Amino acid sequence: MSPRNYKMTKRAAAVEEKRRAIVQATLELHAEKGVEKTGWDDIAARAGVGVGTVYRHFPTLDELLPACGALTFRKLDLPGVEIFDGIPEREGRVRRLVEALFALYERGEKELRNIREESEYHPVLAESRRDVEARIDSLVSAAVGGRHDVVAALTDIRTWQALRDRAVADPVGVTTGLVMHVLGERQAAD
């Protein structure tokens, strides 16, 4: 390999590393402050680069948010309806739904909050919100055999937060019991 190619490869790696640092800094700041309150100066300081470097890599928020979104969706690892494969009874599917959604909320609470609360701030966030909500709706539908708004409410992130904040023992079991009660298949959980 010629020296020039080596330098270009090394330079490309350095450019990619700066780009990753900018995206990581942005994700951290969005989790701490929210998307709207995160400024380019904040991003540059957190990434350890100049503001001009941030602008060279991401001239607009339209270019930065999708880069952040790709990493966010990898972290969220949204489950698909295949999580119900091999679970024929409704209560088992409901329990699996609650487990999967509560695990999603645990690993992506801040990111999901930003997507939900700031979706009017930018079209990329609005699209992300629609995508997340459509995936969750498809899970609810697959678990209970149709779209049920009450089931969606009982398995929503706000319900999970309330149960967590109140230190409810066995939030998955409680929520599963409530959903089954709503569906008319079991007495409500205590």
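First, a term. A cavity is a set of points, on a 1 Å grid over the protein atoms alone, where a 1.4 Å probe fits but cannot get out. Its volume is the space filled by probe spheres set on those points, which are joined across faces, edges and corners. Next, ground rules. This is a predicted model: local features need pLDDT of at least 70, side-chain atom pairs count only at pLDDT 80 or more, and totals for chains, interfaces and linings use all residues. Residues are numbered from 1 along each chain as its sequence is written, and side-chain values use heavy atoms, with hydrogens and water left out.

Now the cavity. How much space lies in the largest cavity? About 170 Å³. Helices here are DSSP runs (H or I, at least four residues), numbered from the N terminus.

On to packing. A nonpolar core is a set of buried Ala, Val, Leu, Ile, Met, Phe, Trp, Tyr and Cys residues joined through side-chain atoms within 4.5 Å. Buried means under 20% relative accessible area, with a 1.4 Å probe and protein chains only. The largest such core has 29 residues; Leu97, Leu104, Tyr105 and Val144 have the most contacts inside it. Ten of the core's residues, the largest share, come from α5.

Take Leu97. Beyond its neighbours within four places in sequence, Leu97 is in contact (heavy atoms within 4.5 Å) with Phe84, Leu139, Val140, Ala143, Val151 and Thr155. Another core, of 13 residues, lies apart from the largest one; Val23, Leu29, Ile43 and Ala47 are among them.

Definitions and conventions
On a 1 Å grid over the protein atoms alone, a cavity is a set of points where a 1.4 Å probe fits but cannot get out, and a pocket is an open set with protein on both sides within 12 Å along at least five of seven lines; lining residues have an atom within 4 Å of a point. Buried means under 20% relative accessible area, exposed over 50%, partly exposed in between (1.4 Å probe, protein chains only). Helices (H or I, at least four residues) and strands (E, at least two) are DSSP runs, numbered from the N terminus.
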